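Hello,

I am passing on the structure that we talked about, and below it you will find some notes to read alongside it. Please keep it open while you go through them.

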Amino acid sequence: MQKTLKHATEISVKFSEVDSLGIVWHGHYVRYFEDGREAFGKAFGIDYLTVYNNDYVTPIVSMDCKYKQVLRYGDSVIIETEYIPSEAARLNFNYRLLNAATGEVVVTASTTQVFLSRDTFVLQLTNPPFFEDWKKKHSLA
């Protein structure tokens, strides 16, 4: 079984994130995934600035999201972010959002990001050297 890395962070649902039905509008979950990726990146040394300072950007090219429960204003949400290793030059993440009070799974999702040259936006077909080093550091390569 291949090793993965996981990180959890907790946020609170803001009033501006709910719709007229009083529940979190579905589009805000995309930002929750990004909050999870940013917390993961800071915890494991692969944050956006590290990628950028190594002359790359990592846009999302694929996302899948399954809504299971609702969130409301004031709810606390645990964002579990799991890096899924791949030999390809990409970042794969799985997410589980849990209602912190009940432990219920609210959303499951996955995203895929690719590496582009920061200046030319050319798709990288091989892993950038800094990313290979990161994978070795965390026993993922």
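Predicted model: local features only at pLDDT ≥ 70, side-chain atom pairs only at ≥ 80, totals over all residues.

Residues are numbered from 1 along each chain as its sequence is written, and side-chain values use heavy atoms, with hydrogens and water left out.

Most residues other than glycine have a negative phi. D55, however, has a positive phi near 75°, and this residue sits in the loop between α2 (48–53) and β2 (56–57); here helices are DSSP runs of H or I with at least four residues, and strands are runs of E with at least two, numbered from the N terminus. S139 is not a glycine either, yet its phi is positive at about 55°, and S139 belongs to the segment after α3 (129–137).

D55 is partly exposed, because its relative accessibility is 38% (buried means under 20% relative accessible area, exposed over 50%, partly exposed in between, with a 1.4 Å probe and protein chains only). T58, in the loop between β2 and β3, is buried, with a relative accessible area of 10%.

Leaving aside residues up to four places away in sequence, T58 touches Y48, V51, L91, Q113, V114 and F115, where contact means heavy atoms within 4.5 Å. I60 lies in strand β3 (residues 60–67), and with the sequence neighbours up to four places away again not counted, I60 touches R37, T111, T112 and Q113. The C-alpha atoms of I60 and T111 are 6.7 Å apart, although 51 residues separate them along the chain.

Best wishes
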